[in-house]
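Dear colleague,

Please read the notes with the model open beside them.

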Amino acid sequence: MAPSAAQRTVIENCAIATVDAGDTEYASGHLVLAGNRIESVGAGKAPEGLENVVRRIDAGGHLATPGLVNTHHHFYQWITRGLATDHNLFDWLVALYPTWARIDEQMTYAAAQGSLAMMARGGVTTAMDHHYVFPHGSGDLSGSIIRAAAETGVRFTLARGSMDRSEKDGGLPPDFAVETLDGALAATEETVHQHHDASFDAMTQVAVAPCSPFSVSTELMRQGAELARRLGVRLHTHGSETVEEEKFCHELFGMGPTDYFESTGWLGEDVWMAHCVHMTDSDIAAFARTKTGVAHCPSSNARLAAGIARVPDMLAAGVPVGLGVDGTASNESGELHTELRNALLINRLGAHREAALNARQALRLGTYGGAQVLGRAGQIGSLEPGKLADVVLWRMDTLAHASIADPVTALVLGAAAPVTASFVNGRQIVENGRLLTVDEEAVAAATRAEAQRLARIAAQA
């Protein structure tokens, strides 16, 4: 818990959705933030006699929730948005890899700034980036991404990706855009040693994240899992995203994706997979048995015509599920709060129809579910005393939401709600929809310049 001498911020008069185990909610309640922790949350006014109160916020007309947690993204794609808009996954990758293979440190930094800024101003307090493109001589890409996250002020997990299966091996990326097996493992281990923080209130963590079964060798999958467990960090990759991937796994490995993952050590409570659209009953049972997590990316799955993930069945089986933006070359908005709505709506197009998900389940996916998937459910994802002070105040009294009586329904099914304040680790990083940590106009200009520079280089190549 926060020490008694910690500076306190008191938030009062707001509706509160705690997303705790009992889904406790208050029609009008308070939060007390002490240092970087939540000290108290409850109905009515804050306790009397609090010391060291440096700020009081009258949050009438607002809903307080845990900060949103993004569980899958590719920041570098911010500078290749709007391309190959009518392609499926494999054709999209073929179209874009020749461009992605030309990224460098300056481009990656600008793209990370853009991706992070867009999420943070929309209520994301914990972000992750699965970065797996490391062209030869491109500079310190991992360091540039981590620097952008620190400057934006969000809590961050870098999933240090890798690829060692290039065009010459039957893969999709150009030969110069992949690493060797030994090179990828060594660079990943060095990134963990340099940047991973295992403490309770860590702002930066690192996961081991070979890209996907069709872009890495079996040995990289197997040794990557061994490396992660030796270092005590989490594992992340893409899984079961398309029917083409399932066919590929059967042809190359003689088994489906889930069985392949299990054969290489890639199921377990320290693992989370992106997408998991094409899952059989036995696949879901294996994920539930091993507590393997899923990053559900509804907008990207629709953009690339991958299909509808069986999220209601996963949740019923006990699979941890969070939400992901995915790369912004397949989700051009790059906003996680819109995924709350899209997760609910798209899953209702599936077999369970109107019973698929409700508004509170969608909010849980974007908060506590994401914290579970990232291995941080003990620290973030719900508003409870002792947890880290990652809190968002959504304004609910404007034209867009004022006539919806239930604020959680308004947040999930209504228009994108304005963020009046967002706190990360007790520090406010957004005020009235604007970032306090970086200059949004400067970031926009930098991302446009780097997108144009990348396009020129790719065209010349």
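In this model, which is predicted, ring pairs join Phe-90, Phe-214, Phe-248, Phe-253, Tyr-260 and Phe-261 into a cluster. Across the whole structure, the search gives ten aromatic pairs. One of them is formed by Tyr-76 and Trp-100, with an edge-to-face arrangement in which the centres are 5.3 Å apart and the planes stand at 90°. This pair links distant parts of the chain, since Tyr-76 belongs to the loop between β6 (68-69) and α1 (89-100), while Trp-100 lies in helix α1, 24 residues away. Tyr-76 has a relative accessible area of 1% and is therefore buried, and Trp-100, at 0%, counts as buried too.

Trp-100 also forms an edge-to-face pair with Tyr-97, at 5.3 Å centre to centre and with 85° between the planes. Because Tyr-97 and Trp-100 are three residues apart in helix α1, about one helical turn separates them; Tyr-97, like Trp-100, is buried.

Turning to the helix contact, the axes of α2 (residues 105-120) and α14 (residues 440-460) come within 9 Å and cross at roughly 140°, so the two helices are oblique to each other, and the crossing is left-handed. On the α2 side, Gln-106, Met-107, Ala-110, Gln-113 and Gly-114 take part, and they meet Val-443, Ala-446, Thr-447, Glu-450, Arg-453, Leu-454 and Ile-457 of α14. Sorted by class, this contact comprises six nonpolar, four polar and two charged residues.

Terms used
Residues numbered from 1 in each chain as written. Predicted model: local features only at pLDDT ≥ 70, side-chain atom pairs only at ≥ 80, totals over all residues. Heavy atoms only, no water. Axes fitted to C-alpha atoms, helices over the stretch in contact; angles between N-to-C directions. Helix = DSSP H or I, 4+ residues; strand = E, 2+ residues; numbered from the N terminus. Parallel < 35°, antiparallel > 145°, perpendicular 65-115°, else oblique. Left-handed = near helix turned anticlockwise from the far one by under 90°. Contact = heavy atoms within 4.5 Å. Nonpolar A, V, L, I, M, F, W, Y, C, P; charged D, E, K, R; others polar. Phe/Tyr/Trp six-rings, centres within 6.5 Å; stacked < 30°, edge-to-face > 60°. Buried < 20%, exposed > 50% of the residue type's maximum accessible area, 1.4 Å probe, protein only.
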